[in-house]
Amino acid sequence: MTFTARQLNRATLDRQMLLRREPVDLLTAVDRVVAIQAQEPASPYVALWNRVEGFDPAGLDEAFTSGAVRKASLMRITLHAVAAADHEVFHHAMLPALRASRLYDKRFKAMGVTIEQADALLEHLLEFASTPRQKAEIEELLHSHVGDVGQPGVWWALRTYGGLVHAPTGGPWSFGLRPSYQAVTTEPRERTAAVAEMLRRYLTGFGPATVLDMNQFTMLPRTTIREALALLDLTETGGLYDVPNGTVPDEDTPAPPRLMAMWDSTLLAYADRSRIIPEPYRKLVIRNNGDTLPTLLVDGHVAGVWRPTEDGGIEASSFHALSEDDWTGLAEEAALLRKLLGDREPQVYRRYARWWNGLPAQDVRVL
């Protein structure tokens, strides 16, 4: 058996709750989505609004406050919002890579701080951050131990691999421009087993997928991934791995229009991003610095981008001609999105407006 490109697209949409908004509680939704890109504070909210019937953003506020959902540096050394149980696994799975990304970087070596010193500092930091601490407080603590080591500073390294999570600092999206950090306790885990569990979770939310896809999602070496896969009971079809009984809908399954968040994980979870993003559009929506724009999803594929207007509307720019039915569906979604944003931040993502200069547009409408 082989899968068509449309079947793989529908499999992703189904597992990511994008074929229909589903009437599930918030923690169930976070568990099913697996890993929600959280570089921008608003994005987890927009991501879940796209997926959950009757989504109440206050529920996500509470989940962040209680620690049931954690925001931390994980896969690809970027911020993700994940269930607390997944954070414990993913942190240990990613820890060697997170450490290496900092401790073996020439910028860290230029500071004159040894790895042993950094590990000793981490013990002080975790004790200090048993309650939420802001960056300035943490840097003062570290300075008291090692003095001025120059930029980017020891905190640049420790915050990436130290097992800290972002602590909520208030509205409109739980996390503001001045982050606060808190230590969390995670039980040590055998590394390969942790990687295997992380890959199993990835496949539940994004499979079927190849080793290259898993490499893209995690940025872990392919040898590490293959060793971990050997521990799992998986199916394998033409190089595509999946969990047993993983759903793959028919390729003709309808897919409703969606207005996707910046950095939505479905756009970044594969080496072959044509599963969701047509190849001609990949560099349009994923910029050279990694910024991944808020997109229009039509028939399950990226068809353009959106941004708020100054008067509270939603400007939608399509990269190719859309049918009037498509535009009607997008307008209905935009009306719902305006309500979500209007209650919190009508001009969300406004600091990324520069990317719209020069984007091709077959049609531009304010919805």
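Arginine 338 lies in helix α14, which spans residues 324-342. The model is a predicted one. Arginine 338 is partly exposed, with a relative accessible area of 31%. Apart from neighbours within four places in sequence, arginine 338 is in contact with Gly312, Gly313, Ile314 and Leu367. Arginine 338 and alanine 228 are 110 residues apart in sequence, and their C-alpha atoms are 43 Å apart in space.

In soluble globular proteins, nonpolar side chains tend to be buried together.

Leaving aside neighbours within four places in sequence, leucine 259 is in contact with residues including Val46, Trp49, Asn50, Thr295 and Leu296. The contacts of leucine 259 also include Trp306, Ile314, Leu330, Glu333, Ala334 and Leu337.

Next come the sheets. An open sheet of 5 strands has the order β9-β10-β11-β12-β13, with antiparallel pairing. Strands β9 (258-259) and β13 (363-366) stand at its edges with a single partner strand each, so one side of each has no neighbour in the sheet. Inside this sheet, β10 (residues 295-298) and β11 (residues 301-308) run antiparallel and are joined by 4 bridges. The bridge partner of valine 298 in β11 is histidine 301.

Is histidine 301 buried or exposed? At 19% relative accessibility, histidine 301 counts as buried, because the cut-off for that class is under 20%. The side chains of histidine 301 and asparagine 9 are joined by a polar contact of 3.4 Å. Beyond its neighbours within four places in sequence, histidine 301 is in contact with Asn9, Arg10, Ser274, Arg275, Ile276, Pro278 and Leu296.

Helix α1 (residues 5-15) is mostly covered, with 9 of its 11 residues buried.

Strand β4 runs antiparallel to β6 (residues 180-183), and 2 bridges join them. Glutamine 134 has serine 180 as its bridge partner in β6.

Strands β2 and β3 form a hairpin with 5 residues between them. Arginine 76, in the turn, has a positive phi of about 60°. The two strands, β2 and β3 (residues 79-83), run antiparallel and are joined by 5 bridges. In β3, alanine 83 is the bridge partner of valine 69. In a regular strand the side chains alternate between the two faces of the sheet. Strand β2 (residues 69-73) is mostly covered, with 5 of its 5 residues buried. Both of its faces are covered: Val69, Lys71 and Ser73 are buried on one side, and Arg70 and Ala72 on the other.

The overall values complete the account. The protein has 14 helices and 13 strands. Its radius of gyration is 21 Å, close to the 21 Å that the globule rule gives for 367 residues, so the protein is as compact as a globular protein of that length. Along the principal axes, the C-alpha atoms fill a box of roughly 65 × 50 × 40 Å. Of the 367 residues, 54% are buried. Among contacts with a separation of 6 or more, 69% are between residues 24 or more positions apart. The protein exposes about 16000 Å², and carbon and sulfur atoms supply 50% of this area.

Methods: Residues are numbered from 1 along each chain as its sequence is written. This is a predicted model: local features need pLDDT of at least 70, side-chain atom pairs count only at pLDDT 80 or more; totals for chains, interfaces and linings use all residues. Side-chain values use heavy atoms; hydrogens and water are left out. Two strands pair if DSSP finds at least two bridges between them. Buried means under 20% relative accessible area, exposed over 50%, partly exposed in between (1.4 Å probe, protein chains only). Contact means heavy atoms within 4.5 Å. The radius of gyration is taken over C-alpha atoms; the globule rule is 2.2 Å times the number of residues to the power 0.38. Accessible areas come from the Shrake-Rupley method with a 1.4 Å probe; for residues, only the protein chains shown count as cover. A polar contact is a pair of N or O atoms within 3.5 Å; within protein, one must be able to donate a hydrogen and the other to accept it, and residues adjacent in sequence count only if both atoms are side-chain atoms.
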